[in-house]
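Hi there,

Here is the structure we talked about, ready for you to open next to the sequence. Have a look at it first, and then read on.

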Amino acid sequence: MSELPSPCNQLFARGRFIRCQERPFIMGVVNVTPDSFYSGSRHIEPERAVAHALELVEQGADILDVGAESTRPGAMPVGEEEERTRVLPVVTELARRVTVPISVDTTKATVAQAALDAGASIINDVSALRFDHRMASVVARFGAGVILMHMKGTPLTMQQDPCYRDVVEDVVQFLKDRMQVAMKAGISEFNIMLDPGIGFGKLLEHNLELLDRLTELTRLGRPLVVGPSRKSFIGQLVGRSAEHREWGTAAAVALAVDRGARILRVHDVAMMADVVKVATAITSRKASTRAGA
Ligand code: HH2
């Protein structure tokens, strides 16, 4: 039986109830970029990006995440105008054609504002509102959902010898602080999702520990977004390029579901939808057994 959402972890985006407490949601990645780390996700022409997004919805995506600036380690930043030009036609067309919520992966307030005007309802800010001081007020004004993600430094610097006292405690403290900043700026707690930022300023061991101890992040009381899809920590373990990391991704997704992830950000929606269904069937059985014991 599915768990009913408790009031403290309900999630809304522009007034719409996102039911990810009833079952984990799949967020499908749509990259309108020429340089994302996984070649299968690059769709720089808007028509191809839209076609790909529609396919992901067919395959079971509960949310679409449209991004126009690669955040892979060492990526060169994209200018504001260029990012807006890439993202807007795709969001505008998708807002007409899909009913699932559209998230936009950006750290720039002007891009976020234009995307929200065009019909997006979630801002996925990998800087957790740090890179653009106007971002929080844009999100607040629209009552948009927002993903606050942990990253050490910036995409240009984040993999330069990242070190932590205790990676889980440090990420928890960072997310707690960013949540306070967001709420002070007028963003409702009910609009916030949190993400440990797999691969963002983390060594292999940090990524593994965060995934293993993900349950500890659930004490923050907000839905957890987790994005392990095809990332390099999987490559380090299985010795394969990003094009051949779907099985490794499946293992990470299944364990993240077991440890409390509510939104899985993935490239391979059809495959990971099956993985999430099976993992959820097993974990919810454990929960109901505990409840009945
Ligand atoms: N990972 C990427 C981008 N955005 N957002 C959140 N909230 N969590 C993540 O783990 C995350 C993210 C990297 O993946 P991708 O978009 O496929 O790559 P690129 O940044 O190279 O376009």
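Below are my notes on confidence, the sheet and the cavity search.

First, please keep in mind that this is a predicted model. The protein has a mean pLDDT of 94, with 95% of its residues at 70 or more. The stretch to treat with care is residues 1–5, where pLDDT stays under 50. The model does show eight contacts for residues 1–5 beyond four places in sequence. Still, where pLDDT is low, the predicted coordinates should not be read in detail.

Now to the sheet. Eight strands make up an open sheet with parallel pairing, and their order is β8-β7-β6-β5-β4-β3-β10-β9. Strands β8 (192–195) and β9 (225–226) are at the edges; each has a single partner strand, so one side of each has no neighbour in the sheet.

What did the cavity search turn up? Over the whole structure, there is one cavity of 30 Å³ or more. The volume of the largest cavity is about 40 Å³. Its lining consists of E69, T71, E83, D105, T106, T107 and V126. By type, the lining of the largest cavity has three charged residues, three polar ones and one nonpolar.

Happy to go through any of this with you on screen.

Best wishes

Notes. Residues are numbered from 1 along each chain as its sequence is written. This is a predicted model: local features need pLDDT of at least 70, side-chain atom pairs count only at pLDDT 80 or more; totals for chains, interfaces and linings use all residues. Side-chain values use heavy atoms; hydrogens and water are left out. pLDDT is the predictor's confidence in each residue, from 0 to 100. Contact means heavy atoms within 4.5 Å. Two strands pair if DSSP finds at least two bridges between them. Helices (H or I, at least four residues) and strands (E, at least two) are DSSP runs, numbered from the N terminus. On a 1 Å grid over the protein atoms alone, a cavity is a set of points where a 1.4 Å probe fits but cannot get out, and a pocket is an open set with protein on both sides within 12 Å along at least five of seven lines; lining residues have an atom within 4 Å of a point. Grid points are joined across faces, edges and corners, and a volume is the space filled by probe spheres set on the points. Ala, Val, Leu, Ile, Met, Phe, Trp, Tyr, Cys and Pro count as nonpolar, Asp, Glu, Lys and Arg as charged, and the others, Gly among them, as polar.
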